[in-house]
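Morning, everyone. I have one structure to walk through today. Here it is on the screen.

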Protein chains: 2
Amino acid sequence: MARETPSARPISAQSPTDDAVLAGYRKSIDNIDAALIHMLAERFRITQAVGAYKAKAALPPADPGREHAQIARLRALAQDAELDPEFSEKFLRFIIDEVIRHHEKARAKG
Amino acid sequence: MARETPSARPISAQSPTDDAVLAGYRKSIDNIDAALIHMLAERFRITQAVGAYKAKAALPPADPGREHAQIARLRALAQDAELDPEFSEKFLRFIIDEVIRHHEKARAKG
């Protein structure tokens with residue numbers, strides 16, 4: 001059956017595998033990915049509010065001290081969770097780049 | 001006071017800002033970032049198990065159909081959460097690249 005719009009159902013329900021073990025892993029990955037997407041959506045809602053607030057309150061857009069502290073904290077959290085600290089830093093950088101992109105877009109809009 | 005190891009306490013407690021509104025936003029961002037790091041740690045625990053299982057069960061390491069379905073699903077979830085669908089796809093690609101890096105490392109070791 002053709003579907004025009006992609007479904008938000010877990011992929012495990014859309015393209016089941018005959019392998020029950022693999023299907024179980026995939027269900028967990030799909031659940032975690034949905035959580036990640038919603039966490040990221042909320043994070044960008046907040047950084048957009050921060051951008052608007054900083055502009056209104058005439059606060060500087062960047063805060064290198066804060067960014068440095070964020071990186072150190074995430075690396076420590078990653079270490080405790082047995083996630084590669086290098087990756088946690090790369091991840092924060094990936095997110096911050098997107099935040100900067102949003103702020104630039106907002107500025108261009110006026 | 002000098003500290004040798006970075007603390008996992010929220011940054012808001014480490015470098016408080018005089019601006020209460022901004023401090024509140026930062027506390028929320030720090031909480032979300034901790035959640036993201038732990039979710040990512042769990043996701044990589046699962047993909048590492050998947051890699052080991054696929055090797056043992058002689059299943060192919062890549063599954064392009066699954067990846068395509070994951071992208072479509074995350075884009076739909078992002079749209080509902082008012083997150084840029086382009087970003088959600090870029091994010092999944094970023095994560096999958098790291099998974100591939102892990103698998104390559106595991107193969108080189110084994």
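Let me start with the surface. Chain A exposes about 6400 Å², and carbon and sulfur atoms supply 55% of that area. Keep in mind that this is a predicted model.

Now the inside. Chain A has 110 residues, and 40% of them are buried. The chain holds 4 helices and 0 strands. Read from the N terminus, the order is α-α-α-α. What about contacts along the chain? Take those in chain A between residues at least 6 apart in sequence: 40% of them join residues at least 24 apart.

Next, the two copies. A rotation of 180° superposes chain A on chain B, with 0.0 Å of shift along the axis and an RMSD of 0.0 Å. The copies are therefore related as by a two-fold rotation axis. Which C-alpha of chain A is nearest the axis? That of A:Leu36, 3.2 Å from it. Both copies use the same surface, since 100% of the contact residues of chain A recur in chain B.

Last, a helix pair within chain B. Helix α2 of chain B covers residues 20-56, and helix α4 of chain B covers residues 85-109. Their axes come within 10 Å and cross at roughly 50°. That angle makes α2(B) oblique to α4(B). The crossing is right-handed.

Which residues meet there? On the α2(B) side, they include B:Leu40, B:Phe44 and B:Gly51. B:Arg43, B:Thr47 and B:Gln48 are also on that side. From α4(B), the partners include B:Phe91, B:Leu92, B:Ile95 and B:Val99. B:Glu98, B:His102 and B:His103 also take part from α4(B).

That's my tour. Over to you.

How values were computed. Residues are numbered from 1 along each chain as its sequence is written. Chains are lettered from A and ligands numbered from 1 in the order in which they are written. This is a predicted model: local features need pLDDT of at least 70, side-chain atom pairs count only at pLDDT 80 or more; totals for chains, interfaces and linings use all residues. Side-chain values use heavy atoms; hydrogens and water are left out. Copies are superposed by least squares on the C-alpha atoms of residues with pLDDT of at least 70 in both. Contact means heavy atoms within 4.5 Å. Helices (H or I, at least four residues) and strands (E, at least two) are DSSP runs, numbered from the N terminus. Buried means under 20% relative accessible area, exposed over 50%, partly exposed in between (1.4 Å probe, protein chains only). Accessible areas come from the Shrake-Rupley method with a 1.4 Å probe; for residues, only the protein chains shown count as cover. Axes are lines fitted to C-alpha atoms, for helices over the stretch in contact, and angles run from 0 to 180 degrees between N-to-C directions. Angles under 35 degrees count as roughly parallel, over 145 as roughly antiparallel, 65 to 115 as roughly perpendicular and the rest as oblique. A crossing is left-handed if the near helix is turned anticlockwise from the far one by less than a right angle, and right-handed if clockwise.
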